[in-house]
Number of protein chains: 2
Amino acid sequence: MMPTKPTRETRTKARKLSILSAALDCFCEKGVEATAVADIQRRAQCSVGSLYHHFGSKEGVAEELFIVTIQKLNSGMLRKLKRSKHAEESVKAVVFFYSDWSTRNPKLARYLHSRDIDFSPEAKTRLRLLRREYIASVFTGFAGFVERGDMAVLPADAYVPLISGPIQEYTRLWLAGQAGSPSQVKGLFAEAAWNAVKG
Amino acid sequence: MMPTKPTRETRTKARKLSILSAALDCFCEKGVEATAVADIQRRAQCSVGSLYHHFGSKEGVAEELFIVTIQKLNSGMLRKLKRSKHAEESVKAVVFFYSDWSTRNPKLARYLHSRDIDFSPEAKTRLRLLRREYIASVFTGFAGFVERGDMAVLPADAYVPLISGPIQEYTRLWLAGQAGSPSQVKGLFAEAAWNAVKG
DNA sequence: TCCTAAACTAGAATAACTTTCTAGTAAAAA
DNA sequence: TTTTTACTAGAAAGTTATTCTAGTTTAGGA
């Protein structure tokens, strides 16, 4: 059958994705600040005008890439969490998912951990919101376990840092080439996470 | 008595410090990438030439500020750690020190947690080295406790993330205005850190 | 089917910034 | 004293981000 001509919407989405993907490659290779708009534009095979039409600025590209990635990561974690029936299983699932996702998507993980992104106030607000939502969802997911006494009663803001803090920090070390793969310690860290919040 | 005329060395050091301090203020207010060399230069009341003479580039200013700060923080932590006689005391001291230092130096803490710094390869190497030294020192400090069975036997790279990860992550939330002061949870987090590594 | 508005693309022109360069001053060393 | 080195200054040059103008393509309404 004839390949139907792609609709405009389809092509637009594809172009945006190709710009984001080109940007990710550039950012990983040279760092965000060191990447010129021209680098992204060349690699994505689009014009400056096109890039600015879709993203407004280089910052805009970096921000959207970051936000989309965080959204995917968060929703993946929450999906795992919701599937778990028991407190211990839930907590450990979060640690495992973070570790697995990072090793499966090293470029994205590197980007999320990179330090040279300059967010606009709007993007910061947006990220704050995403994080708040995530923390709230986790808290909600845990509420039942806490009531039942399976998990400790802690300040709402404390659960995520206690559970994810160590594996995140370890992953950062791994990305910097200063530690082995997270998969080697994820069991240990899952155990620690559970110890930190169990009832 | 007469105030003696300051020596050149003294004035140079003072000027460098004033540039670093002006830079910190600018970075906190507008972000690293968004601050222009002219901003720093104006606030420090020096010329472009002077700034470039001392630091080579805007990046150079950001790097030196970061490295000097990390060094101070690390040495403070190690000092606390060395003073502690017992395993539990040591571990908790690290958490307390990190929390206290961050609340006492919010601008510097904010800068250390900021994401928009573009380090040169040399600076990255230097930071890697500092971190390696820190992790090694911590490990050495703990060696005795581990032998005695007071602390668990873990991969060398695991201690720091397990102990400091949660309080760092919580501090990040606090700086983003998404959680209360670290001082409110430091006891809780110190306890969790100890649970994560105790024998 | 044709027309119009909106989305999109292109690349030259512009503007903003970083970095370099030249010239000169002040302090320390010889 | 003289010479060398560290330092400062600000104009000039070079780079890069962003804007602008012009034009093309597509979706949707008449």
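## From a loop to the interface

Start at B:Ser181, which sits in the loop linking helix 8 and helix 9 of chain B. Keep in mind that what you're looking at is a predicted model. The side chain of B:Ser181 makes a polar contact of 2.7 Å with the side chain of B:Ser183. If you set aside the neighbours within four places in sequence, B:Ser181 also touches B:Thr103, B:Tyr170 and B:Trp174.

Now step back to where the two chains meet. On chain B, 39 residues are in contact with 39 residues of chain A. Together the two chains bury about 3400 Å², and 56% of that is on carbon and sulfur atoms. On the chain B side, the residues that lose the most area to chain A are B:Glu33, B:Arg115 and B:Gln178, which together account for 21% of what that side buries.

What about polar links across the interface? The rule finds 0 salt bridges between chain B and chain A, while 2 residue pairs are in polar contact, counting pairs with both residues at pLDDT 80 or more.

Which parts of chain B do the touching? Helix 4 (58-83), helix 6 (106-113), helix 7 (121-147), helix 8 (159-175) and helix 9 (186-197) each put in at least two residues. Helix 8 of chain B gives the largest share, with 9 residues. By residue type, the side of chain B that touches chain A splits into 21 nonpolar, 7 polar and 11 charged.

Notes:
Residues are numbered from 1 along each chain as its sequence is written. Chains are lettered from A and ligands numbered from 1 in the order in which they are written. This is a predicted model: local features need pLDDT of at least 70, side-chain atom pairs count only at pLDDT 80 or more; totals for chains, interfaces and linings use all residues. Side-chain values use heavy atoms; hydrogens and water are left out. Contact means heavy atoms within 4.5 Å. Buried area is the accessible area (1.4 Å probe) that two parts lose on being put together, summed over both. A salt bridge is a side-chain nitrogen of Lys or Arg within 4 Å of a carboxyl oxygen of Asp or Glu. A polar contact is a pair of N or O atoms within 3.5 Å; within protein, one must be able to donate a hydrogen and the other to accept it, and residues adjacent in sequence count only if both atoms are side-chain atoms. Helices (H or I, at least four residues) and strands (E, at least two) are DSSP runs, numbered from the N terminus. Ala, Val, Leu, Ile, Met, Phe, Trp, Tyr, Cys and Pro count as nonpolar, Asp, Glu, Lys and Arg as charged, and the others, Gly among them, as polar.
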